[in-house]
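Me: I would like to learn how to read a protein structure, one feature at a time. Could you take me through helix packing and aromatic rings?

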Amino acid sequence: ETEPLTSKKDVSDCNEGEDCKENGLLVRNPKSALRLVEDGNKVHPSQGEKGEAAQISNGYSGVQSSVPCNGMGEVEDAQCTAPAATTTTTTTTSTTCGAEGQQQLMELEDRETWSKKIDFLLSVIGYAVDLGNVWRFPYICYQNGGGAFLIPYTIMAIFGGIPLFYMELALGQYHRNGCISIWRKICPIFKGIGFAICIIDLYVASYYNTIMAWAFYYLVSSFTAELPWTSCTNAWNTGNCTNYFSKDNVSWSPHSISPAEEFYTRQVLQVHRSNGLDDLGGISWQLTLCLLLIFTIVYFSIWKGVKTSGKVVWVTATFPYIILFILLVRGATLPGAWRGVLYYLKPDWQKLLATEVWVDAAAQIFFSLGPGFGVLLAYASYNKFHNNCYQDALVTSTVNCVTSFVSGFVIFTVLGYMAEMRNEDVSEVAKDTGPSLLFITYAEAIANMPASTFFAIIFFLMLLTLGLDSTFAGLEGVITGVLDEFPHVWSKRRELFVLGLIIVCFLGSLATLTFGGAYVVKLFEEYATGPAVLTVVFLEAVAVAWFYGITQFCNDVKEMLGFTPGWYWRVCWVAISPIFLLFVTCSFLSNPPELRLFEYNYPYWTTVVGYCIGTSSVICIPTYMVYRLIITPGTLKERILKSITPETATEIPFGDIRMNAV
């Protein structure tokens, strides 16, 4: 039975500022739950205004419906409709009981949004373009066939990375929730994915910021007339230190160590004071102070939400591109630069027949774009409902891939210069991988350029800004997820929660600040995040495409954008992207990396520890599934059906009110 919106049965008179009971729910201020706007004026239908319609500014009819619960938990049928002059009657129904109903009413209130569209784009670009673009892509590219590697890289981006990137942006923007509570609206039994994502983000924060602390140490050390890693006369140098850039004729022997390497290993990291993971040694107070300052910057950048972080990324996301351009021009003018570029791009077509090349290409594009960390869900949830996230996905992913490619020229022009100075092949110079490529090889090259102090300062500033906006994003994924899941606890205490989160991350980073901290960073980087994130995104893709339904998801996208994703996107979401993720995950698990850092070979037990750390996050998914099935009443079949059926509707904004989509 359908009652008009102006019916006496459903409309209650409430005095200004007083609480009132509507539809079985205690509403503190009914105006915040339903705001009807006509010509910019608020309209509140009274009992005498029978038959009047509430016209919304964008032409859609205004509907507010709810199904209250009686004392026995049974649902009473009740619907409200409001006819509009230009549209057909729309009716929607949602079930709101107890605390869940209160949470939905809170969601009906205006959610914080980005001040400008460019804030969102810069934040996503800043998140996707991080330190890995500068050191990981160039190394993987030349290791896997140079220019030939671009073929598998592009294929994996088109059929794997970009579809997943687009899917997360669309999910976050439509459902407007973080990584935990969003599963109530998609497939509740997979809610453990949200908890797993939060744990993974905490693991990343515990080691990723330590790398920035190293960069900050270098930055402070660069404010000298002569950079400290240019000579062998310092207290930390050994007898093997060889400065082949000196004016004297110096021969480079197999035992020679550059002053830049000794500065990195013996002064910054002090790994010589540790015997490995079983004896990490003490904590470096210099790095601890650097990390404390970095976390302080992070806190005051994100404590107020996207309104503040959206302004900070104007610096942290754009500054690296200015520096990359300066370093690219400088590197191209160095003697021997062409040797590095040739080594970087010279194709080795035989490499394309090797499976590991395709695995590396898939892993690189996946970790570069960064789905699965809850960041894209969180950032997109602050968008306006009809924002063109399809265009955003294409723009940001293209910028990310191009940045990786250009960073290769920045790195390899300098490596060619190093090879020219050493009179060696580029392959001998480019042996360093990961952070060592930046902190040893590139730092040494900068130290021997004219105006070395200037280039050192801007280079390490670039590394800091690359890392900062990625840290903003990772922590925002956790913050949004927790605040959306527990709004009654934390919605008004965001600053306090962020402070607690920062303290937890700092305490979790203490192991990486020890003399053997570099070994811990390497272990976490390889095992704590890699296979865990791949598993999370695989299950996420399966849950959305197969349980929530690809048709329903495409209808959601059409509601936002006005057009339905084509068959290419559907095929990718249903089959190609999950296969892509399964392929990379199985390849990693079947061939775990043999870890080695400097002269230290990781013992076998560290592999077991690494898998345990990775499993500690993924275990949340099956644990929550079991918990969900236990607490759900009914037979096993009924429990499963209820657990894979969305619990709550998504509120869709039409003009100045929000409607429930079912």
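This is a predicted model: local features need pLDDT of at least 70, side-chain atom pairs count only at pLDDT 80 or more; totals for chains, interfaces and linings use all residues.

Me: What describes two packed helices?

Reply: In general, one gives the angle between the two axes together with the distance between the axes. Here, helix α8 (residues 285-302) packs with helix α19 (residues 494-508) at an angle of about 160 degrees, and their axes are 10 Å apart. Angles over 145 degrees count as roughly antiparallel, and α8 and α19 are therefore roughly antiparallel to each other. The crossing in which α8 passes α19 is right-handed.

Me: Which residues in α8 and α19 meet?

Reply: On the α8 side they include L291, L292 and F295, while on the α19 side V498, L499 and I502 are among them. By class, this contact of α8 with α19 has eleven nonpolar residues, one polar residue and two charged residues.

Me: And what describes a pair of aromatic rings?

Reply: The structure holds 53 aromatic pairs. For W214 and Y264, the ring centres are 6.1 Å apart and the planes lie at 80 degrees, so this pair is edge-to-face. The pair links distant parts of the chain, since W214 is in helix α6 (residues 192-221) and Y264 is in helix α7 (residues 259-268), 50 residues apart.

Me: Is W214 buried or exposed?

Reply: W214 has 3% relative accessibility, and buried means under 20%, so W214 counts as buried. Y264, at 2%, also counts as buried. Both W214 and Y264 belong to one aromatic cluster, which includes F459 and F460.

Definitions and conventions
Residues are numbered from 1 along each chain as its sequence is written. Side-chain values use heavy atoms; hydrogens and water are left out. Axes are lines fitted to C-alpha atoms, for helices over the stretch in contact, and angles run from 0 to 180 degrees between N-to-C directions. Helices (H or I, at least four residues) and strands (E, at least two) are DSSP runs, numbered from the N terminus. Angles under 35 degrees count as roughly parallel, over 145 as roughly antiparallel, 65 to 115 as roughly perpendicular and the rest as oblique. A crossing is left-handed if the near helix is turned anticlockwise from the far one by less than a right angle, and right-handed if clockwise. Contact means heavy atoms within 4.5 Å. Ala, Val, Leu, Ile, Met, Phe, Trp, Tyr, Cys and Pro count as nonpolar, Asp, Glu, Lys and Arg as charged, and the others, Gly among them, as polar. Rings of Phe, Tyr and Trp (its six-membered ring) pair if their centres lie within 6.5 Å; planes under 30 degrees apart count as stacked, over 60 as edge-to-face and the rest as tilted. Buried means under 20% relative accessible area, exposed over 50%, partly exposed in between (1.4 Å probe, protein chains only).
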